[in-house]
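Hi,

Here is the structure I promised to pass on. My notes on it follow below, so please have the viewer open while you read.

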Amino acid sequence: MFSHAISRRNTIRSLVGGSILFPGILSELMAAEQQSSASSAEPLAAKPPHFAAKAKRVILVFATGGVSHIDTFDPKPTTNGRDGEGKDKLMGCVFGTKPARQTGTVVSDLFPQIRDSMQDLCLIRSMKSAHFDHTEAAVGMHTGSATFTRPSMGSWLSYGLGTVNQDLPSFMVIAPHLPYGGTQVYASDFLPAYHQGTRVIPGQEPIANLTPRTPRRSLQELELQLADMLNQSHLQSRRDDTQLAARIKSYETAFKMQASGPEAFDFSQEDEKTLEMYGLQSGDTKSFAWQCLVARRLAERGVRFIELVDSGSRPNWDSHGDMQEHVPLAKASDQPMAALIRDLKQRGMLDETLIVWATEFGRTPTKEGKAGRGHHGDCFSIWLAGGGIKPGTVHGETNDIGQTAVSDSVDVHDLHATILHLMGIDHTRLTYRHAGRDYRLTDVHGRILHEILA
Amino acid sequence: MLRPFIVLNQPLLTAAAATMLVASLTSAEESTTFFRGLNLNGPAVTIDGNVWEASDSVNYICKDNAFEQQSVALVPSTDADRARMIRSSRWGGNRIELTNVPSGTYPIYLYVWEDNNPEIFSILVNGQEVESRFNSGGTGHWKRLGPWYTDSAKERIVLTSQGGAANFSGVEIYRGHHEGIVEPPLAPEKLAFFENRIRPLLIEHCYECHSSTSDDLQAGLLVDSRPTMRRGGASGPAIIPGDVEHSLLIKAIHADDDSQMPPDEKLTASEIADLEHWVASGAADPRSDATRYVRKKIDVEKARQFWSLRPIADPAVPTTVANSSWASNEIDYFILRKLEEQGLQPVVDADERTLIRRVTYDLTGLPPSPEEIHNFLTDDSPMAFERVVDRLLDSPQYGERWGRHWMDLVRYADTAGDNSDYPIPAAYLYRDYIIDSFNADKPYDEFIREQIAGDLLTPVDDADQNENTIATGYIAISRRFGSVTDRYPQHLTIEDSLDNIGRTMLGMTLTCARCHDHKFDPISQEDYYGLYGIFQSSRYPFPGIELDKIPKDFVPLVDDGKPSETLAYAMADAQASDAALQVRGDPKQTAEIIPRKFPDVLGGQMLAQADAHHSGRLQLASWITATDNPLTARVMINRIWQFHFGSGLVKTPSDFGIRGTPPTHPELLDWLASRFIADQWSIKSMHRRMLLSRTYRLNSFDSEPAESAATRRAAVDPSNDLHWRFNRRRLDAESLRDTMLALSGDLDPAMGREPHPFPPADKWEYTQHHPFRDSYETNRRSVYMMSARLNSRPFFTTFDGADRNASTAQRDSSVTTVQSLYLLNDDFVYQQTRRFAERILSESDNDDERIDLAFELTSGHVPLDDQRLATRRWLAQINAELRQEAGADEPKQLALETWSAFARVLFRVNEFLYVD
């Protein structure tokens, strides 16, 4: 079988075109595997949800550090009259506030454009975290467990639903810096490794090893061709092994991803108006606007779970000394997030894309340092938009100084259960057997927030 | 010097133990005398019949501030003299130097109290911590801490505290072996009152829900013994003798709301009056033995019917098989019999090149060299394979490979796992201990004993003592959590220790029972807290944490019998005490005290009274390694089998419980476990037994035509549970990296024997905002790479490396696009293939020889003729392609580029990435 001369043209065609490369055995194997649905050759193949899904994908914006609810989405101007009261020095919202034009929901001037989008959002003001250390709270928000490592929400969705585009990972995390908790926040832990988040680092090579290193592309094709011939002859006698077949297939996917990956990060086809809407300068890859536009492009390309980490390292939202530190961070994310919502809406994608903006906890109603605030887990604000939520609503309420939730408290398990529900997954049925136990994202908890569903 | 002591203010647990205790008390008390009492701020007082000296005594030095607040109500209330002594105290500085103490042994007590907010502090006697992180409680709480057995040095004893602000009220010193209980005999009239009025009342109205015979104990409160009543349940002490006002029981019988007791009907006025009188007059109560409520009545006999809990059998080898000439050793008969039961026969043997590659990776994690392959191929002796096995078992790389398996199981890491991920520079000592232990074929029972309780073993010399100390790094590397030392969640660190012991050594998921009785396995919450007490009584080293950056409590190694400057991250005993059961796993909600013990279903062994002043780790180690423990040998045998054959006889290697899967070959499992114990737990003997079986030599695929028996084998047993063939495996992350380095010639084969280049501890400023994130590169084998808990290396997560936070019993071998991208484009792969190409070019001038060598190095095989031919043509094509590149016309450079491309191909093929 090695006697015929190697024709490069054939190889290239087959690599790019897909299945031509894999006649005979491999396609048989693939077909058989796909029928049995537990495909190890195509482990990320899309799977049907438990019931009709409202959303097909999730974009999670994680504002790490702890965004002050009192100074953003749950402003407490009434506290102004009581400033300095008590031995712990109460401090009201330090920014101006205004009701949103359409819904009347009061939001501070830190997020003027998101405020103008309130009619598309469901704001939850009664979020609760059991932890007020960054690491535990951040890991808890992602995995449901603060102390023991568990798979991340994105890994669970990848496991439950697979993904439609095999040329890109199912779970991608755009993180210029790692958030608190490090790689744990997007780890697949005991779920198979292909469900782990693939980190995207803004810059020249957003996904590691995506750029061919060979001096010319034809050389890489030739290399793949010889490897393929050797692999085919190896596979010939080992017909029972789907892993070997999957490995051969994965080079094809990797080869294609070298092209489709950079394409997803290439804004040259975006029009001026779009760039302007996001507030993006040409050539800029460092801003949060870049992350938001990438999110839309990945959403278009069928990535199941996209996470944007908003400022992983300091300075982040952890404003202990001065609430004014929130200003540049809000300025950097307000316009691009509003643009993302509008952009998806214009393209008819908002209905099937669930956007979640979250942080690990809120900040104290009392002053810390000169004019900052401490960590506060008892209540804080997050918001959702798009796929299946009731737009223009506010869920939950906090007391007059923003210290505790007085109604409709929501914990992280409730949020997870609701996100899974919107994706067509029953959170009590998405389980994975590990070390003698069936594990769930929501452990033994979780209440679906039917009140916020459309 | 401090000596171990017995804490006798803990309740007595069983009647037998109580009897023993009383006997020892009686004899001990004879030799005990009151030596001195010091009221640190105030006049001379009489306490428990002993006269205490006033604060102007010349028998101590204390420069602390004096403070008094006599209006505070004490909790519990107490007699007037004691109360006056307690409420006047010293604070700030917290140093008391007792003087004029002749040399001898002195049990010391220290009275402390709290005037306002709770404080957490530790007490040190002569610089040694004796009370760790004591919580003073709220306003009015007081405690008589001790006794601490202390030898007077130079006629002085120094008491100090660390941490929060402590109020020192008084010091009470005895001479001899005082055990702390002062219990006058009950007055006859009080005894009669209890027997006639109180006991019947409690039985009638309370026992249904609050006794050891209750069907469903409420609020963790037992009123059927004196100690349990005074200790109380979830809400605190039920009665405080002499203090009617603060006794919860009295409150409850008066209550008109949900808290009313008994809940259905209020007691009569005279019954209430009787109880009040009883409490007010000191609550005399002869029921001195603490009762115990056994929550889950596990039917132990029934539970032991389960396959993994039955005694290990020693079945006869089933020699009556049809194809008996196939079998090489006993293992093969067990395998063959199962196959024949299904009408199957095994496949043919693997060829010799496949076999030597298989066993070399298996035992060393590295590929065989061409010379080793050649020696094996040319050795015609029937002992040829045995000689290979012995050579590999004797090589230091064996310990590096199998030590890594153990490191997976014990979730080894070089950092602590807290929010800032503090480095543990001394952790490598434990890593090296593991590697050395495997190389030395340390008996497995000894290996376990040292890791759990090495510090408590009797060493033969310094080296032995150091080895034993370092071994307890196993417990010490348990995960740390959070950022704080105040309210540090120690229960989670202990849970991590127990979780790992359970999974790794016993194949049990113990920690389900932290919050509730195990839903599936016969493990109760009592079993969990029985083990918990052992680790609550142990001192973990402190690696540093965000809000207290200084490491402490490491254990010095010894040099020439004296402590050296080298510190090990190791364990020691702490103050020994049994643990309280935590309701729903919440450490704030404690219920009854559970004696330290082994789970009932494994024998329920308890600490002998004579051992109660130790943590109990030594006893735990002996319970785990007892030859009649049904799990330990079975679990380890199954692991060895799994690492050799690719999957275990039990497919759930760390869960031998009901949710796990039963063994495919139960008789073989037991036969091997019996041999393991009979061979003095020798792991290397077990390797030889398994590796020299015919089963190990089987081909990894069925080479017979599809129409023949082959299809039947795959159809009957597609997952190869019956071992009709060998299981092909992907190179794990370490083997892949080490092989690339070995083939390029860059591998540094030295064994790691020094710490990682962490910055010095006094420079540590790690916080959760700036956690430890360094990563140190090395060309040593991967087992020696620094591994952090919170920040994993991308290469290892990409290729399914071990979880640094939880026990990994079995590596995944996933196939992902990210892996393929790595092999296509990563810098490391490019560097190594280039170096590999240089090596190939330098070893021969002949292209065919170079091709053969490259194949042999990467896959253990020489290419088929048509493969060689195709490769030569391909090289020519590459050469032509490259010649088009500018600057690539220099012949040497061109050859290097060409052969580098070929090397990249070989590093991507399945024959390289998988071991047949």
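**What I found**

B:L506 counts as buried, because it has 22 C-beta neighbours inside 10 Å and the cut-off for a buried residue is 20 or more. Before going further, please keep in mind that this is a predicted model.

**Around B:L506**

This leucine sits in helix α18 (residues 490-506) of chain B. Leaving out residues up to four places away in sequence, B:L506 touches B:I501, B:I624, B:L631, B:T632 and B:V635. If you want a pair to look at for scale, B:L506 and B:V359 are separated by 147 residues in sequence and by 28 Å in space, C-alpha to C-alpha.

**A helix pair in chain B**

Now for some helix packing. In chain B, the axes of helix α15 (residues 444-453) and helix α20 (residues 617-625) come within 9 Å and cross at roughly 155 degrees. Angles over 145 degrees count as roughly antiparallel, and α15(B) and α20(B) are therefore roughly antiparallel to each other. Their crossing is right-handed. On the α15(B) side the contact is made by B:D445, B:I448, B:R449, B:I452 and B:A453, and on the α20(B) side by B:R617, B:L618, B:L620, B:A621, B:I624 and B:T625. Sorted by class, the contact of α15(B) with α20(B) has seven nonpolar, one polar and three charged residues.

**Where the chains meet**

How many residues does each chain bring to the contact? Chain A brings 54 and chain B brings 60. On the side of chain A that touches chain B, the elements giving two or more residues are α4 (134-143), α6 (217-236) and α7 of chain A. The most comes from α6(A), with ten residues. By class, this side of chain A has 22 nonpolar, 20 polar and twelve charged residues.

Helix α6(A) also packs with helix α30 (residues 865-883) of chain B, at an angle of about 175 degrees and with the axes 11 Å apart. The two helices, α6(A) and α30(B), are therefore roughly antiparallel to each other. From α6(A), the residues A:S218, A:L219, A:L222, A:L226, A:M229 and A:L230 meet B:Q867, B:A870, B:W874, B:Q877, B:I878 and B:E881 of α30(B). Eight nonpolar, three polar and one charged residues make up the contact of α6(A) with α30(B).

Helix α27 (residues 817-825) of chain B is another one to look at: nine of its nine residues are buried. The buried residues of α27(B) pack against elements of both chains, namely β6 (198-200) and α7 (242-264) of chain A and α26 (794-798) and α28 (827-843) of chain B.

**Chain A and the cores**

Chain A has eleven helices and 17 strands. Of its 454 residues, 57% count as buried. Among contacts in chain A between residues at least 6 apart in sequence, 74% join residues at least 24 apart.

The largest nonpolar core has 163 residues, and A:V58, A:C292, A:V356, A:W383 and A:M423 have the most contacts inside it. A:C292, leaving aside its neighbours within four places in sequence, is in contact with A:Y278, A:L308, A:P336, A:M337, A:A339 and A:L340. A second, separate core has 122 residues, including B:L309, B:A427, B:F643 and B:Y766.

Best wishes

Methods. Residues are numbered from 1 along each chain as its sequence is written. Chains are lettered from A and ligands numbered from 1 in the order in which they are written. This is a predicted model: local features need pLDDT of at least 70, side-chain atom pairs count only at pLDDT 80 or more; totals for chains, interfaces and linings use all residues. A residue is buried if 20 or more other C-beta atoms lie within 10 Å of its own, exposed if 12 or fewer, and partly exposed in between; C-beta atoms are placed from the backbone. Helices (H or I, at least four residues) and strands (E, at least two) are DSSP runs, numbered from the N terminus. Two residues are in contact if their C-beta atoms, placed from the backbone, lie within 7 Å. Ala, Val, Leu, Ile, Met, Phe, Trp, Tyr, Cys and Pro count as nonpolar, Asp, Glu, Lys and Arg as charged, and the others, Gly among them, as polar. Axes are lines fitted to C-alpha atoms, for helices over the stretch in contact, and angles run from 0 to 180 degrees between N-to-C directions. Angles under 35 degrees count as roughly parallel, over 145 as roughly antiparallel, 65 to 115 as roughly perpendicular and the rest as oblique. A crossing is left-handed if the near helix is turned anticlockwise from the far one by less than a right angle, and right-handed if clockwise. A nonpolar core is a set of buried Ala, Val, Leu, Ile, Met, Phe, Trp, Tyr and Cys residues joined through C-beta atoms within 7 Å.
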